[in-house]
Amino acid sequence: NPNDDTDSIILWIHIAIAFLMFPFAIFLMRRFSIGLKMTDTNLKITRTVAIENIPEKNCNIEDIKQHFSEAYPEFRIFDIQVVYNVSKLIELSLNLENVVDSKKFCKKYKTRHDLELEMIPVGGARCCKCFCLPCVNKVSCIEYFTEEEVKLRELIEKEGIEARKVPLGMAFVTFENINHARQVLRDHKNSILYLKYKPPESK
């Protein structure tokens, strides 16, 4: 009731308490934040420079490292990562993950129900079962996925070797000092903006 003096006093008390709690809450948050240790997760990224259009014959760690050691002898390099086409490798890895999960499921099913699952190892066998049965025999799911796992692991190993033979002409160079990374980036940006300016070159 707005005309009641008692309600009016209670309202003012609530307002006063709210004003008093506000600075107290800020004080508590500041005290809590003092004990927190923050780490800059972007520190390594800011020390990394992406380099494109590297000639295929020079797109390897040794040549890139040699170039920077000659062009920037005082700049120490922390890491170099060459970029390769791994699209097929990713596809094989996903297939392997599916096969491993399917194998685990079959083993759990056998343990729980004391029954081994069987399948017809032909694409679309679920829809055309009556046509597949006369020509293809059922096989154990565990044995089938075990064989598929071995095949896929061999393919992944071979594809990993083949992928490293054809770099994409791109690399990520991480310097030990953030200022060195900025200097390299600045030098090459200036060479684009000003035609007469050339960044340091290697022999």
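Let me start with the largest nonpolar core, which has 16 residues; Ile64, Phe68, Tyr72, Ile77, Val173, Phe175 and Val184 touch the most other members. Helix H3 (61–71), strand E2 (77–84), strand E5 (167–175) and helix H7 (178–193) each give two or more residues to this core. Please keep in mind that this is a predicted model.

Take phenylalanine 68 as an example. Setting aside neighbours within four places in sequence, phenylalanine 68 is in contact with Ile51, Pro73, Ile77, Val173, Phe175 and Val184. There is also a second, separate core of 10 residues, and its members include Val99, Cys141, Phe145 and Ile156. As background, nonpolar side chains in soluble globular proteins tend to be buried together.

Now to H3. Which residues of H3 are buried? They are Ile64, Phe68 and Ala71. These residues cover an arc of only 75 degrees around the axis, so they sit on the same side of H3. In general, an α-helix has 3.6 residues a turn, so residues three or four places apart point the same way. At the N-terminal end, H3 is capped by asparagine 60, with a side-chain oxygen 3.3 Å from the backbone nitrogen of glutamate 62.

Next is helix H4, residues 87–113. At 1.5 Å a residue, its 27 residues should span 39 Å, and the end C-alpha atoms are 39 Å apart, which agrees. The buried residues of H4 are Leu92, Leu96, Val99, Val100, Lys103 and Cys106. What covers them includes helix H6 (141–163). After H4 comes aspartate 114, with a positive phi near 55 degrees.

Terms used. Residues numbered from 1 in each chain as written. Predicted model: local features only at pLDDT ≥ 70, side-chain atom pairs only at ≥ 80, totals over all residues. Heavy atoms only, no water. Core = buried A, V, L, I, M, F, W, Y, C linked by side-chain atoms within 4.5 Å. Buried < 20%, exposed > 50% of the residue type's maximum accessible area, 1.4 Å probe, protein only. Helix = DSSP H or I, 4+ residues; strand = E, 2+ residues; numbered from the N terminus. Contact = heavy atoms within 4.5 Å. Arc of directions from axis to C-beta. Polar contact = N/O pair within 3.5 Å; in protein donor to acceptor, adjacent residues only side chain to side chain. Expected span 1.5 Å × (residues − 1).
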